[in-house]
Amino acid sequence: MTPMSAAPLPKLPLSLDDFTGHSWDITRQILDHQQDQTVQFEGKCRITSGWYHEDGQLILQHSPPLASSRRYRWHPGSAGGIDVFFEDDRFFHNIDLTQSAPTAHHFCPPDNYHVAYDFASWPDWTAHWQVSGPRKSYDMRSCYRKTQ
């Protein structure tokens with residue numbers, strides 16, 4: 001009897017270094033349950049010198065596109081993960097890179113933010129946010145496709 005060989009494991013990001021110095025095209029769909037509308041985002045993301053920075057356009061129904069950008073500080077976290085901070089250095093969440101599909105939670109009273117990352121197609125990856133609160137209820141799915 002011949003032992004079965006295990007299928008090779010997919011390459012996954014191991015640390016912040018795997019993200020640093022690269023660019024991604026981003027497509028994002030935001031399903032706003034309170035407004036009963038879908039918003040699209042198309043843009044680019046670059047991670048350099050500890051900063052995650054994205055720029056693009058929000059595409060709304062029956063409106064001209066709006067410029068949109070955001071920045072987060074990314075620091076090496078525990079066990080090779082990534083600690084994500086807001087621009088003002090408040091902690092946001094941790095990306096656990098020991099898993100191919102890590103999740104995280106952030107409570108910003110009175111709102112709850114839950115994210116599920118998926119690195120199974122690395123270097124392309126996704127982030128699915130579910131946000132709820134008294135004045136918020138939306139799902140946001142971002143797809144990142146490496147360009148450089």
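Start by selecting E54: at 1% relative accessibility it counts as buried, where buried means under 20% relative accessible area, exposed over 50% and partly exposed in between, with a 1.4 Å probe and protein chains only. Before going on, keep in mind that this is a predicted model, in which local features need pLDDT of at least 70 and side-chain atom pairs count only at pLDDT 80 or more, while totals for chains, interfaces and linings use all residues. Residues are numbered from 1 along each chain as its sequence is written, and side-chain values use heavy atoms, with hydrogens and water left out.

**Stop 1: the charged partners of E54**

E54 and R70 form a salt bridge, with their closest N and O atoms 3.5 Å apart; the term stands for a side-chain nitrogen of Lys or Arg within 4 Å of a carboxyl oxygen of Asp or Glu. E54 sits in strand β3 (residues 51-59) and R70 in strand β4 (residues 66-76), so the pair ties together parts that are 16 residues apart in sequence. Strands here are DSSP runs (E, at least two residues), numbered from the N terminus, and helices are runs of H or I of at least four. Now bring in R28, and you have a network of salt bridges linking R28, E54 and R70.

**Stop 2: K44 and D25**

How many salt bridges does a search of the whole structure find? Seven. For another one, select K44 and D25, whose side chains meet at 2.4 Å, N to O. This pair links distant parts of the chain, with K44 in strand β2 (residues 37-48) and D25 in strand β1 (residues 22-32), 19 residues apart. D25 counts as partly exposed, at 29% relative accessibility.

**Stop 3: D111 and K136**

Jump to D111, which is buried at a relative accessible area of 10%. Its salt-bridge partner is K136, the closest N and O atoms being 3.4 Å apart. K136 lies in strand β10 (residues 136-146) and D111 in strand β8 (residues 111-118), so parts that are 25 residues apart in sequence are tied together. K136 itself is partly exposed, at 29% relative accessibility.

**Stop 4**

Which side chain does Y117 join through a polar contact of 2.7 Å? That of H93. A polar contact is a pair of N or O atoms within 3.5 Å; within protein, one must be able to donate a hydrogen and the other to accept it, and residues adjacent in sequence count only if both atoms are side-chain atoms.

Next, select W129. Y117 and W129 are twelve residues apart in sequence and 8.7 Å apart in space, C-alpha to C-alpha. Beyond four places in sequence, the contacts of W129 include F92, Y113, Y117, Y138 and M140.

**Last stop: the core**

W129 also takes you to the largest nonpolar core, which has 30 residues; F19, W74, W125 and W129 have the most contacts inside it. Such a core is a set of buried Ala, Val, Leu, Ile, Met, Phe, Trp, Tyr and Cys residues joined through side-chain atoms within 4.5 Å. Colour by element to see where its members come from: β1, β2, β4, β5 (82-85), β6 (91-95), β8, β9 (125-133) and β10 each give two or more residues.

How values were computed: Contact = heavy atoms within 4.5 Å.
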